[in-house]
Each structure stands twice: as structure tokens, then as C-alpha cells.
Amino acid sequence: MATKKNGKDKTKKTTMKTEARETVEADTAEAKEAKEGLPIVGIGASAGGLEAFEGFFKNMPADNGMAFVLVPHLDPTHISLLPELLQKHTKMKVSSIKDGTQVAPNQVYIIPPNKRLEILRGKLHLMELEGVDGTRLPVDSFFRSLALDQKGQAIGIVLSGTGSDGSLGIKEIRGEGGMVMVQSPETAKYDGMPQSAINTGMVDFILAVEEIPEQLLKYMQHVIHRKGEETVPVRAESHGLQKIFILLRNETGHDFSLYKKNTFYRRIERRMHVHQIDTISNYVRFLERNPHEIRTLFKELLIGVTSFFRDADSYEIMKEKVFPELFENKPDNYMVRIWIPGCASGEEAYSLAIILREYMDKYKVYFNIQIFGTDIDEDAIRVAREGIYQGSISADVSSSRLQSFFDRENGSYRIKKSIREMLIFAPQNIISDPPFTKLDLLCCRNLLIYLDGELQKKILPVFHYSLKPGGILMLGSSESIGEFTDLFSTVDKKWRVFRRKDSATTLHVLAQFPIIRRDYQLGGGAAQGRPGKAKELTVAQLVEKVMLEDYVPPSVIIDEKGRIVYIHGRTGKYLEPASGEAHWNIMDMARPGLKVELATAIHKALTQKHEVIYEHLRVKTNGEHQCINLTVRPFMEPEALQGLLVVLFEDVLEDKSAKAGKVKKSERIKAEHQRIADLEQEIKYTKESLQTTIEELETSNEELKSTNEELQSTNEELQSTNEELETSKEELQSLNEELVTVNAELQSRVDELAHTNDDMRNFLDSTDIATIFVDNQMQLKRFTPKACELINLINTDLDRPIGHIVSNLEYDGMVDDARKVAKTLETIEKEVRSKDNCWFFMRIFPYRTVANVIDGVVITFQNISDRKKAEEAAIDAHIYAENIVNTVREPLLVLDGRLKVISASRSFYGFFQSDPKEILGRYLYELGNREWNIPRLRELLESVLPQQNKFEDFRVEHDFERIGKRVMLLNGRQIVGGNDGKAKYILLAIEDVTGKV
């Protein structure tokens with residue numbers, strides 16, 4: 001904030017920044033709350049999903065504080081009725097997702113048909129679907145997005161459905177530390193999706209759908225409790241963590257004390273949430289009482305988020321940058337060695353093999369590919385060896401690759417033999433087991449991020465040692481080589497591709513292996529019985545220590561194949577580099593006079609496991625001969641040097657006396673003859689064994705060849721048929737899922753219509769209106785019980801022509817009128833009478849469907865007998881009153897409340913020389929030429945009569961056009977009707993008193 005001394009300008013500027021920041025914070029507050037505080041639950045289902053959804057929400061209280069995002073498999077060509085159907089089973093608001101919807105608590109969101117769903121900062125985004133119908137996996141797609149957005153807060157639930165959609169997505173959720181629940185297969189209408197999810201080993205709870213809400217609420221309450229209460233952090237309870245390390249090591253044989261601490265803490269806390277355990281000490285006790293939980297925790301720590309062609313751009317980098325340099329100037333059939341530590345269930349290893357095959361096919365080259373995939377998880381290695389993956393991998397593998405490199409088996413995909421033969425999978429602990437060497441490529445992606453910094457510093461030199469000169473190291477996008485820039489040069493910075501360096505500066509960095517001894521004790525101490533040793537010695541240090549314990553002549557350390565590992569002293573008199581490409585093989589470098597004896601000594605030392613000595617060998621050195629003693633000794637200890645041999649070259653002086661020379665010469669000749677005899681005998685035995693083996697193999701090979709040709713022919717036919725069947729099966733399965741979903745929605749709508757139909761039937765039965773429904777062919781479709789009283793109808797009359805059924809009405813034109821209405825769409829209304837003298841109001845109108853299609857007519861009959869009798873009585877009363885009026889001699893008018901003439905006596909027409917047409921229906925003041933607009937009369941009718949209800953003998957004098965000037969006595973009476981007290985009729989009697997006194 002600005003202070004006063006900074007001035008007005010600075011204050012204004014700071015205020016503007018503050019307001020801008022507050023505006024941004026206000027705009028993002030909702031998204032921040034959704035991301036950090038609001039639990040978002042993704043629920044996936046396909047066939048049978050509607051029933052599962054209903055069962056779930058019936059048992060989920062409305063005020064739960066969570067947002068639910070439903071991702072069912074929907075028919076892309078139909079509008080989904082799912083929101084309307086689910087709204088009946090929950091008080092939470094259920095709505096179809098619109099692009100950009102921000103999730104809110106206590107609401108249910110449903111993906112619309114033909115869309116893919118993604119989530120970013122708690123906001124839902126609709127994306128266009130990719131691929132054909134058979135490869136649409138909306139549940140996997142959303143679960144992956146949910147895991148990336150919500151991290152450890154993500155919750156995924158898999159309900160009833162066919163196929164394996166959701167299985168890859170729950171791996172992503174568990175990889176980020178989220179929680180996964182699955183409907184138990186035995187309670188699911190279709191168990192494909194639940195069983196596939198369970199088979200991944202990534203599920204926390206397997207429950208009936210009605211039990212999932214209760215467990216979900218318990219889990220969330222514990223998570224909220226751990227966040228809100230002042231509980232002791234897991235990382236603070238180091239003593240308890242040490243106990244967990246020990247329990248894990250005792251159960252699995254693996255030490256996790258060098259695992260990255262934050263990741264380890266998160267995994268422990270997640271398991272505590274699952275079991276609603278509050279303290280680390282209680283969790284330690286739980287582990288001690290439940291060994292199965294130790295194995296579960298072990299699996300939890302090994303979770304690696306992997307999939308086919310994960311980070312697809314990195315594989316393109318391999319094709320464009322790595323492979324061209326790696327294989328440049330390499331001959332055909334060159335052996336390419338690749339190591340993938342931490343390969344998990346093999347997806348990454350197979351992906352690499354596939355792009356290698358594509359690269360070789362594209363450039364028409366052939367190399368012998370040998371890929372080593374290793375992992376600490378033996379179950380994952382077992383899956384990788386089988387090479388069978390769920391059908392949901394179609395979301396990550398293109399259809400062309402699926403067709404080229406996979407075989408379809410029972411809804412799953414099996415790696416083809418041509419790819420499988422390129423890989424070798426084995427369990428291995430990178431920190432305690434020996435590494436693979438002479439590698440062209442080492443691909444270690446997203447493994448180092450789980451290890452602490454000190455362990456990473458020990459592993460990278462081992463990687464350098466494992467690679468050939470110029471070999472390639474590829475790490476994960478979040479990993480780096482750190483301080484070891486003198487060991488590796490950068491090929492691609494973004495995708496962490498490095499090349500091994502070889503220079504004088506790399507010689508001082510020695511690989512230490514095993515990186516951590518198997519007897520390494522928790523807490524950083526050495527093994528018991530060796531308290532004075534601070535750290536494990538390197539290979540070079542071990543060699544020198546053994547050799548310097550006794551004075552030794554020039555010597556060379558070699559492996560079993562004769563490759564030189566270490567050189568001590570000056571060996572130039574005995575070894576020289578061979579011409580051509582540089583090789584560090586001792587047999588290629590041995591000088592004349594040494595090769596035969598050296599090869600024999602190495603062979604004997606390896607086979608017999610003891611020291612071999614040849615004395616007084618004459619070696620040609622720079623045109624002269626040097627007499628030496630040759631010793632080859634295998635290393636039996638320490639363990640780290642087992643498999644290596646030491647070759648010692650010891651110079652000896654020749655005896656100058658002739659006798660001694662002759663003795664020495666005869667001894668050498670005798671020794672040489674003996675060596676030759678031994679070699680010949682060994683060669684003879686080897687040849688005989690080889691010949692026998694060849695003959696047996698040839699016989700077996702002929703038999704197998706014949707059988708193989710038959711099997712191959714049959715297999716090709718079966719494979720072709722199988723591919724066609726699999727294609728049809730996939731299409732039918734996809735169609736079946738959509739049909740099941742639509743059927744469930746329609747069944748719900750049918751149930752709803754049945755209830756509506758029952759309500760309508762009861763309504764019609766309760767009315768006193770007879771109703772008949774006929775189609776366009778005038779055949780009976782339906783009728784109400786009341787209609788049976790008018791027309792002799794029974795249930796078997798349905799679909800009969802209505803004209804064939806006997807009627808109790810004195811009305812023969814009903815069928816003709818019905819056809820007329822069906823044709824003209826104009827309603828017909830008539831009053832008809834039955835044979836028992838009852839009257840009915842008949843109404844015929846068109847029958848319209850929801851689609852506004854005319855599908856017949858509806859005929860209704862309403863009993864109006866009482867109304868008819870009332871009308872007849874009214875007519876009789878009217879005739880009676882009219883006769884009375886006509887009997888009176890004086891002129892008489894009957895007016896309504898608005899002074900309109902309803903009736904007049906005959907004497908009125910005669911006296912005033914008027915015609916009824918001029919009088920009836922007209923207002924009193926408009927009669928004649930408005931000559932009845934008499935002021936005195938108006939006063940009587942509008943003022944006196946309403947107050948007194950009558951007036952008598954009012955004298956009025958008026959000049960009429962037709963009868964001249966007249967003097968009249970007027971008598972009026974108001975007849976009040978109804979409940980409102982207003983005049984219904986007015987009687988106006990006129991007496992002519994002209995000329996009378």
C-alpha cells in the first residue's frame with residue numbers, strides 16, 4: 001500500500017493496482033473455490049447405468065457438499081432423457097452440461113450425447129468426439145481430465161456397463177492420489193466395466209451401488225476432518241514412518257526409506273483416509289494387524305501412471321532426432337540394446353518397440369532389437385510378459401497401429417509375436433541390482449521423480465556407465481541430469497533427451513553399484529559387524545584394494561567374454577591394440593606367442609573356477625622375445641567382482657646355460673604338446689556332442705516344420721475369420737450399449753406412461769361422459785364403461801367397425817358424421833335421443849397424436865336429459881306468460897334489465913300501430929324515431945323503479961308520430977332474479993286516458 005509520503009500519483013497508481021487485483025480475485029474466486037474446496041465426483045457407466053444411477057442417488061442426501069458429474073454411454077443420435085429421469089430420485093438439481101458450466105455443490109451434471117467432457121479449474125468444457133463409434137471412451141477421457149485438474153481430490157466411481165471404459169482413467173486418478181470406488185460386479189446389471197476396473201488393482205472400495213454413498217460420505221468427512229482439525233502431520237511423526245519402512249521391507253524385501261518423502265507422505269495419508277484413521281501410530285498398528293494392507297500400501301507406492309504412447313510428441317522426437325543419429329552408419333542386423341527401468345505393466349516398452357518397427361519399415365533397414373523392461377513390481381512384470389491389454393487402449397493407440405501390432409482376443413488386445421519377441425521383461429530393483437550395460441538407449445521416464453536427490457545423484461553415473469559411447473538417455477519431462485553435465489550432453493531440452501559424453505573429464509566419476517547394498521540399514525547406518533566402513537567401495541577401488549594387498553606384476557581385469565574392464569601397470573609388452581575398429585577384447589589385443597595359451601587359460605579358469613598358470617611362454621615383443629609366466633585367476637570374492645578374471649603377466653629371465661636351455665625347451669615342448677592334446681580332445685568331444693545335437697534338432701525340425709505349415713495355413717484362415725468377427729463384435733457391442741441405454745430410458749418412460757394411462761382411465765371412468773375412440777377406418781379402438789349404456793359394447797368389439805355394433809340411440813348418422821369429421825377436421829355437435837327417451841349432447845372431433853397426426857375421431861356423449869326437461873319447462877312457462885300478456889287489454893311491454901324489449905302484448909302492437917319486427921329486441925328509447933325517449937319515462941325507469949321496485953299511475957303526455965298526442969297512465973314493476981339483487985325483467989303497462997277526466 002502507498003504511504004502519504006509517496007505522493008498522490010503513487011497512491012492513485014497503487015489504488016488502481018489494488019482494484020485490478022481485487023477484480024481478478026473476484027473473477028477467479030468461484031473457480032478457486034471449485035478447485036481447492038469442492039469435491040468433484042466423476043461417475044461412469046454404460047449399459048445398466050440408469051438403474052445404478054437411480055440406486056446411487058436414492059441413497060445420497062441432497063446436502064452432501066459435493067458435485068457429481070455423470071458420464072454414461074449415450075446414443076449420439078438421440079436426445080437424452082436421463083436428466084428428467086434422475087430428477088425424480090434426488091432433491092439435488094440435475095441438469096445437462098452446457099459448455100463452460102462451473103460446477104457447484106449439491107448438483108448433478110450429465111454429459112450430453114455425442115460430446116467429450118474435459119474439466120479445467122472446476123469448469124466443464126464440451127469437446128467434439130474423436131474417432132469412430134467403436135473407440136469412444138468418454139469415461140476414460142473425463143477421468144483423466146479430472147485427475148489432472150483435481151489431483152489428490154479427484155474421486156472416480158465406475159458403475160454397471162459393458163466393455164472396459166474407465167479402467168485407464170482410474171489409473172490416472174490413483175496416480176494423482178485420488179480415490180476410486182466400483183460397483184460390485186455381482187450387483188451390477190452388466191459387470192464388464194466394474195470387473196475391468198477391479199482387474200487393474202487400483203480400486204479402493206468395491207460395494208453395492210446402494211452402499212457407495214454412505215462410504216463416500218465417510219471418506220469425505222475424514223478428509224475434511226484432517227484438513228480442518230489441528231491434527232499432527234504425517235511427516236512430523238518420523239518414528240512411525242520408520243516403522244512403516246521396516247514393515248514394508250520385512251514384507252516385500254524392498255527399502256522405501258530413500259523414496260521421495262512428500263510422495264511417500266501423500267500415499268500414507270491417502271490410505272489413512274480410506275480407513276478413516278487419524279494418526280500415524282494407529283495406522284502402524286493397523287498395518288501390524290493386517291499384513292494385506294502392507295501389500296496394498298506397497299502397490300500404492302508403486303503406482304505409475306502409464307499408457308501407450310503417453311506424451312505422443314516425445315515419440316515423434318525419437319523418430320526425428322534420436323533414431324537417425326542412433327542408427328547412423330549401423331550395419332544390417334546390428335544388435336540394438338535398450339533398457340527401460342520402471343516399465344510398470346509394459347505399455348511404454350511396447351510403444352517404443354512399435355515405433356522402432358515403424359522406423360525400420362519406413363527406411364527399409366533391419367536391426368536386431370533387444371529391449372529390457374524391468375520393474376520392482378512382479379505383478380506388473382507378469383502383465384507385461386503376457387502382453388494382453390484391455391480394449392480401452394483404443395483411446396491411446398490408433399486404429400492402424402491396433403490392426404498392425406495387436407491381435408483382438410475376447411474384447412482385449414494382445415501384442416503380436418513380431419513385437420513381443422523384441423522385449424525381455426524381468427523384475428529388478430534399480431538401487432540394489434546390477435544394471436544392464438552396453439546400451440544404445442536408456443529410457444527412464446518418470447521414475448527419478450519418486451526418488452530423493454541423493455539417490456538420483458548415485459543413479460545417473462550408473463546410467464552413464466550402462467550406455468555405450470554416444471548412447472542416448474531419455475528422462476521424464478519433470479526430470480533432469482542435475483549437476484552431471486560433464487557426463488551427458490543435451491539432444492532435446494524439452495523432452496529431456498541426452499547423449500553420453502566420453503572425455504577425460506568423465507573418468508573421475510565412477511559408477512557405484514549396487515547403489516544401495518542389500519544389507520543397508522534404515523536410518524543410514526552400515527550393516528552390523530562392519531561399523532567402521534563409511535560407504536560402499538566402487539568397482540575400481542575394490543580391484544585396487546585386492547591387488548595392492550600383495551605386490552602384483554602388470555595385469556588386466558576382464559569379464560567372462562574377454563572384455564577388458566581394468567588395466568594395472570604397463571601391459572604394452574603383452575597386449576597391443578588390434579587394427580581396424582577399436583575393441584577392448586584381450587584376445588584381439590594379445591601379442592604373438594600368447595593367444596593360444598591365453599585362450600586356454602581363460603577357458604579353464606571359467607569352467608574349473610580355479611587359478612591357471614602357464615610358465616616360460618615366449619612372447620614376441622618389438623622384434624624380440626620375452627619370457628613370461630601367465631596366470632589367470634577368477635575372482636571368488638568380494639561379491640561385486642564375481643564373474644571377473646585377473647590376467648597377470650610376470651617377466652622371467654631365461655637360463656643362459658645350454659643345459660638349462662635344453663631342459664626348459666623340452667619342458668616347453670612337452671607342455672605345448674600336452675596343451676594341444678587337451679585342446680584336440682576337447683574339440684573332438686565338442687564336435688561329437690554338437691553332431692548328435694544337430695541330428696536330433698534336424699529330425700525335430702522336419703517334424704515341426706511340417707506341423708507348422710499346417711498350423712500356419714489354418715491360423716491364417718482363422719485369423720481372417722477372427723478379424724471379421726471381432727469387427728462385427730465391436731460394432732454390435734457399441735450398438736448394444738447404446739440400445740441398452742435407450743431401452744432403459746424408454747422403459748422408464750413406459751412406466752411413466754403406464755401411470756399416466758392409469759390416471760387417465762380412472763379419470764374417464766369417474767366422469768359421467770360416455771367416450772368412444774375410433775380410427776380412420778371407423779374401427780373401435782377404446783371406449784369408457786359409460787359408453788356401454790348407449791351402444792352395446794364388450795371388450796371383444798375392439799377393432800370392429802363401429803357401424804356393425806347395435807346402438808340404443810335414435811340416431812343413424814353417427815358413422816357418416818364421424819367420417820365427415822375425419823375428412824374435414826371440423827367438430828360436429830348434436831343433441832341425440834336414446835330409445836329410453838334420454839337426451840345426450842353428442843360431440844365428434846378429430847383424434848390428434850403428439851406429432852399432430854390425425855388418427856381417427858373421438859365421440860363423446862354427455863347426458864343432458866335434465867337440461868332438456870328444464871328447457872321444455874321454460875318453454876311451457878314462456879308460452880303461459882305470453883298468453884297472459886296477450887290476454888291483457890292494455891298495451892304491455894316486457895323489458896330486460898337493460899331496457900331491451902323482450903315481449904309485447906297484441907294490444908300494444910294494435911294501439912301504437914307497430915309491427916313486432918320494429919319492437920322486439922330493440923331498446924325502449926330507440927322505438928319509432930326515438931319517440932319513446934320521454935324524459936318523464938326515463939326518470940321513472942332509471943330513478944324511481946330501481947329504488948321502489950314499482951311505480952303506479954304516473955301520468956305522461958306525449959305526441960307520437962303515428963297516433964298523435966296522447967295522455968297515458970304508466971304502471972311499472974321490477975322483477976328481481978338471481979342472487980345479485982339486480983332487475984331481471986321490467987313490466988311496463990300503458991293505459992290511454994286521453995280525453996278522460
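**View A. Buried residues of helix 8.** Gly240, Leu241, Ile244, Phe245, Leu247, Leu248 and Thr252 are the buried residues of helix 8 (buried: under 20% relative accessible area, 1.4 Å probe, protein chains only). Viewed down the helix axis, these buried residues fall within an arc of 165 degrees, so they line one face of helix 8; the arc is that of the directions from the helix axis to the C-beta atoms. The model is predicted: local features need pLDDT of at least 70, and side-chain atom pairs count only at pLDDT 80 or more, whereas totals for chains, interfaces and linings use all residues. Residues are numbered from 1 along each chain as its sequence is written, and side-chain values use heavy atoms, with hydrogens and water left out.

**View B. Surroundings of helix 8.** The buried residues of helix 8 pack against helix 9 (261-275), helix 10 (280-289) and helix 11. On the face turned away from the buried side, helix 8 carries the exposed residues His239 and Asn250 (exposed: over 50% relative accessible area).

**View C. Packing of helix 8 with helix 11.** Helix 8 (residues 238-252) packs with helix 11 (residues 291-301) at an angle of about 100 degrees, and their axes are 10 Å apart. That makes helix 8 roughly perpendicular to helix 11 (roughly perpendicular: 65 to 115 degrees). Ile244, Leu247, Leu248, Glu251 and Thr252 of helix 8 make the contact with Ile294, Arg295, Leu297, Phe298 and Leu301 of helix 11 (contact: heavy atoms within 4.5 Å).

Notes
Axes fitted to C-alpha atoms, helices over the stretch in contact; angles between N-to-C directions. Helix = DSSP H or I, 4+ residues; strand = E, 2+ residues; numbered from the N terminus. Parallel < 35°, antiparallel > 145°, perpendicular 65-115°, else oblique.
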